[in-house]
Amino acid sequence: MNVNQSAPPVPPFGQPQPVYLGHHQSSYGGQLGSTTAPTSYGAYNGPVPSYQQTPPPGVSRAPPSAGAPPASTAQGPCGQTAYGQFGQGDVQNGPSSTVQMQRLPGYQPFGSAILAPVVSQPAVLQPYGPPPTSAQVTAQLAGMQISGAVAPASPPSGLGYGPPTSLASASGSFPNSGLYGSYPQGQAPPLGQAQGHPGAQPPQRSVPLQASSFTPPASGGPRMPSMTGPLLPGQSFGGPPVSQPNHVSSPAPQALPPGTQMTGPPGPPPPPMHSSQQPGYQLQQNGSFGPTRGPQSNYGSPYPGAAAFGSQPGPPQPLPPKRLDPDAIPSPIQVIEDDRNNRGSEPFVTGVRGQVPPLVTTNFLVKDQGNASPRYIRCTSYNIPCTSDMAKQAQVPLAAVIKPLARLPPEEASPYVVDHGESGPLRCNRCKAYMCPFMQFVEGGRRFQCCFCSCINDVPPQYFQHLDHTGKRVDAYDRPELSLGSYEFLATVDYCKNNKFPSPPAFIFMIDVSYNAIRSGLVRLLCEELKSLLDFLPREGGAEESAIRVGFVTYNKVLHFYNVKSSLAQPQMMVVSDVGDMFVPLLDGFLVNVNESQAVITSLLDQIPEMFADTRETETVFAPVIQAGMEALKAAECAGKLFLFHTSLPIAEAPGKLKNRDDRKLINTDKEKTLFQPQTGAYQTLAKECVAQGCCVDLFLFPNQYVDVATLSVVPQLTGGSVYKYACFQVENDQERFLSDLRRDVQKVVGFDAVMRVRTSTGIRAVDFFGAFYMNNTTDVELAGLDGDKTVTVEFKHDDRLNEENGALLQCALLYTSCAGQRRLRIHNLALNCCTQLADLYRNCETDTLINYMAKFAYRGVLNSPVKTVRDTLITQCAQILACYRKNCASPSSAGQLILPECMKLLPVYLNCVLKSDVLQPGAEVTTDDRAYVRQLVTSMDVAETNVFFYPRLLPLTKSPIENTTEPPAVRASEERLSNGDIYLLENGLNLFLWVGAGVQQGVVQSLFGVSSFSQITSGLSVLPVLDNLLSKKVQGLIDSLRAQRSRYMKLIVVKQEDKLETVFKHFLVEDKSLSGGASYVDFLCHMHKEIRQLLS
Ligand SMILES: [Zn+2]
């Protein structure tokens, strides 16, 4: 009945601050004092609830801070650069630098179709917020034009991506046209060009000036058949997106250059076009590569200044191949910038149903006014079709990406804890939904109607409260469960296993001490680290010490358990060599309190590296280790986590023994899926037992060769654990990354022995789930452990008709045991709109979340289907989504136009990144283990992580004034955006590169690397020298900041332009054609256009 906080430090929401006074109650057994609540959630509060901010009293040793990594010396590449971070990529296999320079032909789009200007239509007015969500981006294919060149009246390029306010009104006029009124007609492609060379391969943007006479080499890459398909009635090319009011039926052409014919949506005069024959275009290319080229001038602003492009059109070229101007197709950078500008300044207030939150790339604060923060739940669409027929027509997946224990920024209040006493949380009698702000109180407050199933329930006398004249309880704002989207209930004993309140969880450290682990220095490093790290186990609230007990096991072919009871002078080892029938040889003294047993533990950690220093044992077991940890937790009757540090394929005779079955010849065959499947079912069986015990497994792998990640990661995956992989681990090169990950992993707050259920209002239901968990039935997501980084993605399907008035409701309830052993329920509620018009669906979609879902769907698909089938399915679905919009929502326009909904205009570019990712289209350097590793990582990534993982962030470091310390605006992930006179950082959440152009000024090189010339910079360097100058500090600061934003430590790799390492780097320039055959963005957009037209015809 009671809310146990008193005067929360921060008003939880915009309402008058709730008063929680006078409801202290300790009937649940006194586990939570009324004064502990506000602080007890400090753990969920900050980005890193680490000891760094609040060192435990009495601890004077320097914390193993992630922010202060051990100084390391400059290191050479470990032979595994980029992939070294998650794989065993062999850079030696990459093309040499000379090959890279010859690669231009390959850079060609492999289709001959020429895209015409992308036109963006101003969108339909957004229901919420200023940004127009439904502006359309249209693109037209050109080149086949027979009837005359069409210089499109292409709209000002800036419009399409500009702030919504600049969009044309629905009148069809283009307010901005004046901006481009002076646009020289000459910029329109000469007629002859457009007509005369249908299908000619367009010159590449990356082709240097001489490209005007460039003939596409036959080797320019495979032609995508689709690219040569019927072209649209010719039209302009290369124009920038045009803004057009979304629903203008026949916009009047404006500002058409003489001799041009308007077939597309009317728009402002064409934006500057880039074609190779124009001098300006060449300038544009200058930044690409090579000392002879000048700096590229066009990024930084949405569109290059018109002056830069062809104010003096060159003479008509003999071969005027044209292709879609990359600057004219939707830019992720621009979309991200626009959202930051439009939505980053105001808090996102969750009081309105169906509100689309700002993008994950925008920094914003959230005020909970009745719906869960987007940090907890993000949906693919915030407006759901009323009927399943509509949903099927649109093909837009309806899914929510849920991060139940997400950490919040310090400015946002953690969920309040509500204590309803012995009666437990109030729930609907029929569907068991928990009390929430959407429940309707009736009959003067004596009953309530369930918002999920409509059942009328009695209000227990102790919960009764009067209603005000609007029918709302007068205490609504005093009770989190009646006014907030997210809150927690204290669970009663009924919610506990065996009807018994849980014991505090335990951590067991299980260390491989075979030859490889000893030789690499891993064991010594780890033991040294644990001596201090154990002082910083997760604690709750103001607790002086962690309630978590710890235990230690070492192993190779046999297991060694350690008795570290505080009364012992020295630790005792007990060896279990019968790994076929694992048992725990000791109970008393195995799991201990860190403080009480500190001396014995320290002694043990000192001795372990010495004991095995001379080992010759190379074989290891694996399943018996997990079995042992799980049995130990079972014997101690608690949940917990196993931290396994493992080096090799477990080939020793034991349950779960594996063989090397890696076979790259299976790639692109029907058997490729077996590479992702576990080679034995033993691990699923083991995982199931672990889940039943609440035993979560985190696996740290240190392989020198194939270890079968697909099989070894089964237990972590099914128990809600994490997998980390450090290929070719060497202490000097990799300790910073490993220790940083380990510290974060050990300290992070975890919910144990958890069950998650997602309830929905009548009409839809959760039908499918993605993530790291186990399911025994169709509704309950079981998680042996769940941390603040992990998401569970839920897909919904209709089972009845929805209606616009009621909308649709989701309630996610997570029952878990806290780090202190308290049983709790965390509730997140979210209300969505429902629509009868498809346009409303498309106006309220969230592309980043869609991509997160689609990637997970595809990555699961490779377990059962050929990779090609999975890829085709994705492409087809994307085409269907866009075709449905085109057919039902877009304003009438030429069939040749590619029209994208404003909210989904990045769907093609992002989907292409998923399609060409290592799992779905591996390059030669990607190992089977890399693919399995990434596959399982993505499965539980949140939306921000998939966003940057699939479309890396590329930041120019030397473009902005050196005094400017804010994060520089990113540029598009394409080689042509790199200027050889600059330095860039690229990060994707796992990898971090510093790319240095060959033409970087000597002063800059000196400031950053402490050497006098480019040639003296060590390629593959992973630590920059700390130098006393502004640039050095700025770059170090930025690197630190990027690392702090990600859940895993990103090791830096310095890549020099035209060095062999550059091949690895270029793999992440995802807008370009990839060496593994992945399409460039431009080509994929053309392909997508063709697919859509086929669907529409
Ligand atoms: Zn109900």
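Predicted model: local features only at pLDDT ≥ 70, side-chain atom pairs only at ≥ 80, totals over all residues.
Leaving aside residues up to four places away in sequence, Leu-994 touches Leu-957, Ile-983, Tyr-984, Leu-985, Leu-1008, Phe-1009, Leu-1024, Val-1035, Leu-1052, Ile-1053, Val-1054 and Val-1055.

Now step back to the core around it. Leu-994 belongs to the largest nonpolar core, which has 147 residues. Along with Leu-559, Phe-561, Tyr-842, Leu-920, Leu-985 and Phe-1009, Leu-994 is one of the residues that touch the most other members. Helix 21, spanning residues 867–888, gives this core its largest share, with 11 residues. There's another core too, lying apart from that one: it has 45 residues, including Phe-509, Leu-522, Tyr-562 and Phe-700.

Next, take a look at a pair of helices. Helix 12 (residues 522–533) and helix 13 (residues 598–611) have axes that come within 9 Å and cross at roughly 175 degrees. Angles over 145 degrees count as roughly antiparallel, so that's what helix 12 is to helix 13. On the helix 12 side, the contact is made by Val-523, Arg-524, Cys-527, Leu-530 and Lys-531. Helix 13 brings Thr-602, Leu-605, Asp-606, Ile-608, Pro-609 and Glu-610. Sort the residues of this contact by type and you get six nonpolar, four charged and one polar.

Finally, zoom out to the whole chain. It has 28 helices and 33 strands, and 64% of its 1097 residues count as buried. If you take contacts between residues at least 6 apart in sequence, 77% of them join residues at least 24 apart.

Technical notes:
Residues numbered from 1 in each chain as written. Heavy atoms only, no water. Axes fitted to C-alpha atoms, helices over the stretch in contact; angles between N-to-C directions. Helix = DSSP H or I, 4+ residues; strand = E, 2+ residues; numbered from the N terminus. Parallel < 35°, antiparallel > 145°, perpendicular 65-115°, else oblique. Contact = heavy atoms within 4.5 Å. Nonpolar A, V, L, I, M, F, W, Y, C, P; charged D, E, K, R; others polar. Core = buried A, V, L, I, M, F, W, Y, C linked by side-chain atoms within 4.5 Å. Buried < 20%, exposed > 50% of the residue type's maximum accessible area, 1.4 Å probe, protein only.
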